[in-house]
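Good morning, everyone. I would like to walk you through one structure today, going slowly for those who have not seen it before.

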Amino acid sequence: MNKQEELPVCKEGDLIMDQLVELTGKGCGCLLVVGEHYHLIGTFTDGDLRQTLKASGEAIFKLSVGEMCNRKPRTIGPETMAVEAMMKMESPPSPVQFLLVVGEDNTLIGIVTLHGLVSAGL
């Protein structure tokens, strides 16, 4: 699991164009949108970026991450076993590449990636 200091985080009001380095720089393929005290708001993936660019064109330069983020990302608790995490990643409606690890109060703790699970031998 990648922990808080390793995560590609941003604020809801940040402009997407100002966050491109963060989106690509940490190797997760997403931005994690957080509020105060790392309260999870949502996610914005590189796939979301491509779709928004296609739909919005140059208007993307004026959009905030909060306007485009997924506010209901898949999450797991900190005690979830790796096998359970993998099953949740593969579950309908479509597979995902990562799961966010959150505490009871929806505080972002970390992220588990499919690549990380495969690298660990799952």
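**A walk through the model**

Let me begin with N106, whose place is in the loop between β6 and β7 (108-113), where helices (H or I, at least four residues) and strands (E, at least two) are DSSP runs numbered from the N terminus. Before I go on, please keep in mind that this is a predicted model, in which local features need pLDDT of at least 70 and side-chain atom pairs count only at pLDDT 80 or more, while totals for chains, interfaces and linings use all residues. Residues are numbered from 1 along each chain as its sequence is written, and side-chain values use heavy atoms, with hydrogens and water left out.

Back to N106, then: its phi is near 65 degrees, a positive value in a residue other than glycine. At 27% relative accessibility, N106 counts as partly exposed, because buried means under 20% relative accessible area, exposed means over 50%, and partly exposed is what lies in between, with a 1.4 Å probe and protein chains only. H37 also has a positive phi, near 55 degrees, and is likewise a residue other than glycine. H37 sits in the loop between β3 (30-34) and β4, and with a relative accessible area of 68% it is exposed.

Another backbone detail is the peptide bond from P92 to P93, which is cis, with omega near 15 degrees. P93 belongs to the loop between α4 and β6 (98-102).

Now to the salt bridge, by which I mean a side-chain nitrogen of Lys or Arg within 4 Å of a carboxyl oxygen of Asp or Glu. Side chains of opposite charge can pair when their charged atoms come close. How many salt bridges does the structure hold? There is 1, and in it the side chains of R71 and E12 meet at 2.5 Å, N to O. R71 lies in the loop between α3 (65-68) and β5 (75-76), and E12 in the loop between β2 (9-10) and α1 (20-25), so the pair ties together parts that are 59 residues apart in sequence.

D14 and E67 are 53 residues apart in sequence, and their C-alpha atoms are 9.8 Å apart in space.

Some other pairs bring together separate stretches of the chain. L108 lies in strand β7 and counts as buried, at 0% relative accessibility; L108 and L40 are 68 residues apart in sequence and 5.6 Å apart in space, C-alpha to C-alpha. P78, in the loop between β5 and α4, is partly exposed with a relative accessible area of 49%, and the C-alpha atoms of P78 and V102, 24 residues apart along the chain, are separated by 6.6 Å. T24 is found in helix α1 and is exposed, with a relative accessible area of 63%, while T24 and T45 are 21 residues apart in sequence and 9.7 Å apart in space, again C-alpha to C-alpha.

Finally, V83 lies in helix α4 (residues 82-90), and at 49% relative accessibility it counts as partly exposed.
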